[in-house]
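The following questions and answers are meant for a reader who is new to this structure. Please look over the sequence and the model before reading on.

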Amino acid sequence: MILLDNSEQLLALFESLARSIPESLKVYGSVYHINHGNPFNMEVLVDSWPEYLMVITRPQKQEMTDDMDSYTNVYRIFSKDPQKSQEVLKNCEIINWKQRLQIQGLQESLGEGIRAAAFSKSVKVEHSTAVLLVTEDILKLNASNESKFRSWAETGHPDDDFEREIPNFKYGQLDVSYSGLVNDNWERGKNERSLRYIKRCIGALPAACMLGPEGAPVAWLTMDPSCEVGMAYSVEKYRKTGKMAQVMVRYKKYLLQKNIPFYISVLEENERSRSSAKAAGFFEASCEWHQWTCYPQNLAPF
């Protein structure tokens, strides 16, 4: 695999990935952040250049020092020929199979290669899937290839635009001081590693909330290093009141205005969240969201 560390190459890759949206969105969003400040110290590898079949983004080596930190040890993959991914994954040292890690992508056909490579390394794999939801604006990039996104750092913070709201409620930027609140209510959180990850996401990337009468968030959204919007939550008292939909609509408007790519995933059985997302202008993509969580035998939680 070839490491792309030249800004011109990374820009060319970013524009090329736009032609494969929505399947490339995980990698596309990661390359967006790499091209704009790289706040999570990620790197990009391709099987060949300038023509390529496979792209992998991963944290730089100095980021992956905790073998148990599957929030940080995340690889995102896109392949133009997923059937050939097995050979690449088995025969290169791109993935550190000695760690607990996640592999994410939007192509179910990657699974066979991932499982085969993991099996050859005596690694256990758990697969999870969700519905991928996107907007027309993201799909238009596929047709036009106009990937004109600017840096989050260049755009200012969302509270610049979050004025004027419902009496006793204010839409604003989610402050990093509320990381503990987000962690306590995130299904995949509730531990020290997830708290560190959440602090980093909120501190480096756009995150939004609705502040209630007491001045604390009653609903919120964050973004991850691949531009996926997630950790969405509304406190029980304000559920079914439309607060989450209001946050989503305003947040989506802000991201569109600032040319920041975004998409979301929702568990198929979560009808309420799927309906809320559709009400905010999202629709189900032609592909699904996939995650393969990998455990070496000595680190498996079984």
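Q: In which loop is the place of Gln 107?
A: In this predicted model, strand 5 covers residues 101–105 and helix 4 covers residues 110–120. Gln 107 has its place in the loop between strand 5 and helix 4.

Q: Is Gln 107 buried or exposed?
A: Residues under 20% relative accessible area count as buried. Gln 107 has a relative accessible area of 9%. Gln 107 is therefore buried.

Q: What distance separates the C-alpha atoms of Gln 107 and Gln 291?
A: Along the chain, Gln 107 and Gln 291 are 184 residues apart. Not counting residues up to four places away in sequence, Gln 107 touches Glu 288, His 290 and Trp 292, among others. The C-alpha atoms of Gln 107 and Gln 291 are separated by 9.9 Å.

Q: Which residue meets Glu 63 in a salt bridge?
A: Glu 63 lies in the loop between strand 3 and strand 4, and its side chain makes a polar contact of 2.7 Å with the side chain of Asn 41. Side chains of opposite charge can pair when their charged atoms come close. In the salt bridge of Glu 63, the N to O distance is 2.7 Å, and the partner is Arg 200.

Q: How many residues apart are Glu 63 and Arg 200?
A: Glu 63 is in the loop between strand 3 and strand 4, whereas Arg 200 is in helix 8. The pair links distant parts of the chain, and the separation is 137 residues.

Q: Is Arg 200 buried, partly exposed or exposed?
A: Buried means under 20% relative accessible area, and exposed means over 50%. The relative accessible area of Arg 200 is 28%. Arg 200 is therefore partly exposed.

Q: Which residue forms a salt bridge with Asp 224 at 3.9 Å?
A: Asp 224 lies in the loop between strand 9 and strand 10, and its partner is in strand 4, so the pair ties together parts that are 148 residues apart in sequence. Both partners are buried. The residue at 3.9 Å, taken between the closest N and O atoms, is Arg 76.

Q: Which residues touch the most other members of the largest nonpolar core?
A: The largest nonpolar core has 70 residues.

Key: Residues are numbered from 1 along each chain as its sequence is written. This is a predicted model: local features need pLDDT of at least 70, side-chain atom pairs count only at pLDDT 80 or more; totals for chains, interfaces and linings use all residues. Side-chain values use heavy atoms; hydrogens and water are left out. Helices (H or I, at least four residues) and strands (E, at least two) are DSSP runs, numbered from the N terminus. A polar contact is a pair of N or O atoms within 3.5 Å; within protein, one must be able to donate a hydrogen and the other to accept it, and residues adjacent in sequence count only if both atoms are side-chain atoms. Buried means under 20% relative accessible area, exposed over 50%, partly exposed in between (1.4 Å probe, protein chains only). Contact means heavy atoms within 4.5 Å. A nonpolar core is a set of buried Ala, Val, Leu, Ile, Met, Phe, Trp, Tyr and Cys residues joined through side-chain atoms within 4.5 Å. A salt bridge is a side-chain nitrogen of Lys or Arg within 4 Å of a carboxyl oxygen of Asp or Glu.
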